[in-house]
Structures are given as structure tokens and as C-alpha cells.
Amino acid sequence: MRSAFLLALLLASPAAARRDGPTPVCPEAVRPVLFLSPMGEPFRPKGDGDDPVRRWFDQADRNKDGVLTVGELMLDGDRFFATLDKDKSGELLPDEVSAYEQDVAPEIRLYQRRPERPADGGAKDEDRDRPRPAKRRSGRPGAGAGYDGAIGAGRYAFLNIPNPVAAADGDLNRAITAQEFRAAAAERFADLDPQQTKALSFAQLPRTPAQIAANAACLERVKEKAKEKRR
């Protein structure tokens with residue numbers, strides 16, 4: 001019954017589709033996609049039935065009470081920071097941040113540049129390869145439906161931060177301390193918790209742009225199948 005209702009929504013007229021409201025969830029299985037945690041740790045799909053976001057949430061929820069607190073997110077950040085701090089100096093230096101981009105989460109390097117668009121809609125030649133500055137603030141959850149507006153790691157994360165590791169450099173001195181990383185974790189938790197509930201359940205988490213795009217692709221496949229059946 002639920003699948004039939006969702007199919008009816010998919011086949012509704014364009015006018016009806018333009019009405020405000022939540023995007024329907026695809027009635028078929030949505031292909032899992034890469035997820036980057038709020039602190040930038042990659043969780044890649046391990047099969048069609050996997051949920052990388054759930055794997056991260058269950059890992060970060062240390063006391064297994066079904067909710068995530070700011071303290072737990074900070075501890076999750078501490079653990080990831082330790083894996084990036086190869087020389088155990090207590091700081092992430094430029095070579096370690098570069099290693100994160102190249103070896104740990106290379107996907108973020110593919111989408112860190114966005115050209116300016118002139119009035120005619122084309123990209124300015126001189127701006128095609130101009131990198132956008134890293135965003136220090138977390139940005140709002142769910143920024144940009146699909147991939148539109150999401151840059152770098154923001155395509156695969158809750159918050160539109162192009163490089164979540166580099167963005168933790170609060171004083172911009174090119175050395176990220178463990179304290180700065182913890183402060184960034186607290187700030188990002190606040191961005192994910194605008195109602196200040198102090199405890200985020202899995203259901204409260206926003207969908208990433210990659211998840212939104214995967215759901216849209218699934219909906220499109222369902223529509224195409226429905227059209228084929230009607231022919």
C-alpha cells in the first residue's frame with residue numbers, strides 16, 4: 001500500500017510536484033553512498049544493504065543509549081584526530097592535512113572548486129580554476145538539495161564544509177591542535193542541534209546531499225519502470 005501511494009506521488013502532474021512538502025522516500029532500496037562524519041572521517045559502503053551513516057552513529061554513540069551528545073562527538077573527534085596525527089605531536093600540520101585529502105578522503109578534492117557564474121550563466125574563464133576559501137563555520141545542515149551548493153566534503157556530510165579537517169584550524173596558523181579539533185566538534189554539534197536538545201537521535205540527523213541525490217536517482221528509476229509497464 002505504501003509503495004502504491006509513493007508511486008502515485010511520483011506520477012503526479014508537474015503542478016502537483018511543485019508544491020512544498022517533503023521529498024518522497026524511494027519505495028525501492030536506495031544505493032548506499034559515501035558518508036563523511038562531522039569531523040571528516042570517511043565511511044564507505046560495504047554492500048547494498050549497508051548504511052554508512054548508521055555505522056558512524058553506532059560507533060560514536062559510546063554508551064549505546066540511542067542518542068549522540070556533544071561529549072560523544074568530541075570523543076569521536078579525538079579518536080579520528082589520533083589516526084591523522086601520524087607523528088603524535090598533538091598537532092595536525094600541513095603535510096598531515098594534505099595526507100588526509102590525498103589518502104584518507106580523496107573524494108573531497110574532486111569538488112573543492114566552484115566557478116563563478118556571470119549573468120549569462122556561463123563560467124568566467126579566469127575563475128574556472130580559482131579555489132574557494134575553506135569555510136571555517138560549519139554551514140547549515142542539508143545545504144543544497146542534491147549536490148547543488150555543496151562543495152568538497154560537503155557533498156557527503158551533514159554540513160557544507162569543504163574540508164572538515166582543515167576547517168578546524170581556528171586561529172588559521174596551519175597547525176590544528178587537539179583542542180581546536182574538539183572545539184570544532186562542539187561547534188558542529190551545535191549546528192546539528194539548533195533546538196538545543198543536547199542529545200541527537202539517529203532520526204534527527206539530516207540527510208547528506210549524496211543521500212538526497214541517491215534517493216532522487218532511485219525515484220527516477222521507479223518512474224522509468226512505471227512508464228515501461230504502462231506502455
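Good morning. Among contacts in this chain between residues at least 6 apart in sequence, 58% join residues at least 24 apart. The model I am presenting is a predicted one. The chain has 231 residues, and 36% of them are buried.

Let me continue with the overall layout. The chain contains seven helices and six strands. Read from the N terminus on, its elements follow the order α-α-β-β-α-β-α-β-α-β-α-β-α.

I turn now to the packing of two helices. Two packed helices are described by the angle between their axes and the distance between the axes. Helix α3 covers residues 52-60 and helix α4 covers residues 70-84; their axes come within 9 Å and cross at roughly 100°. Since angles of 65 to 115 degrees count as roughly perpendicular, α3 is therefore roughly perpendicular to α4. On the α3 side, the contact is made by Trp56, Gln59 and Ala60, while α4 contributes Glu72, Leu73, Asp76 and Arg79. Sorted by class, this contact has three nonpolar, one polar and three charged residues.

Glu72 has its place in helix α4. Is Glu72 buried or exposed? With a relative accessible area of 7%, Glu72 is buried, because buried means under 20% relative accessible area. Leaving aside neighbours within four places in sequence, Glu72 is in contact with Ala60, Asp61, Arg62, Asn63 and Val67. The C-alpha atoms of Glu72 and Phe189 are separated by 9.9 Å, and the two residues are 117 residues apart along the chain.

The next topic is the nonpolar core. The largest nonpolar core has 38 residues, and those with the most contacts inside it are Leu36, Trp56, Phe158, Val165 and Phe181. At least two residues of this core come from each of β1 (35-36), α3, α4, α5 (94-104) and α6 (178-192). Which residues does Leu36 touch, not counting residues up to four places away in sequence? Leu36 touches Glu41, Pro42, Ala105, Ile108, Ala153, Tyr156 and Ala157.

I come now to the aromatic rings. A pair of aromatic rings is described by the distance of the centres and the angle of the planes. The count comes to eight aromatic pairs. Among them, Trp56 and Phe57 form an edge-to-face pair, 6.4 Å centre to centre, with 70° between the planes. Both Trp56 and Phe57 are buried. In another pair, Phe81 and Phe181 have ring centres 5.4 Å apart and planes at 55°, so this pair is tilted. Phe81 lies in helix α4 and Phe181 in helix α6, 100 residues apart, and the pair thus links distant parts of the chain. Phe81 is buried, with a relative accessible area of 6%; Phe181 is likewise buried, with a relative accessible area of 1%. Ring pairs also link Phe35, Phe43, Trp56, Phe57, Phe158 and Phe202 into a cluster.

Where does Gly154 lie? Gly154 is in the loop between α5 and β5 (176-177). At 2% relative accessibility, Gly154 counts as buried. Not counting residues up to four places away in sequence, Gly154 touches Leu159, Asn160, Ile161 and Pro209. The C-alpha atoms of Gly154 and Pro209 are 7.6 Å apart in space, and these residues are 55 residues apart in sequence.

Thank you for your attention.

Key
Residues numbered from 1 in each chain as written. Predicted model: local features only at pLDDT ≥ 70, side-chain atom pairs only at ≥ 80, totals over all residues. Heavy atoms only, no water. Axes fitted to C-alpha atoms, helices over the stretch in contact; angles between N-to-C directions. Helix = DSSP H or I, 4+ residues; strand = E, 2+ residues; numbered from the N terminus. Parallel < 35°, antiparallel > 145°, perpendicular 65-115°, else oblique. Contact = heavy atoms within 4.5 Å. Nonpolar A, V, L, I, M, F, W, Y, C, P; charged D, E, K, R; others polar. Core = buried A, V, L, I, M, F, W, Y, C linked by side-chain atoms within 4.5 Å. Buried < 20%, exposed > 50% of the residue type's maximum accessible area, 1.4 Å probe, protein only. Phe/Tyr/Trp six-rings, centres within 6.5 Å; stacked < 30°, edge-to-face > 60°.
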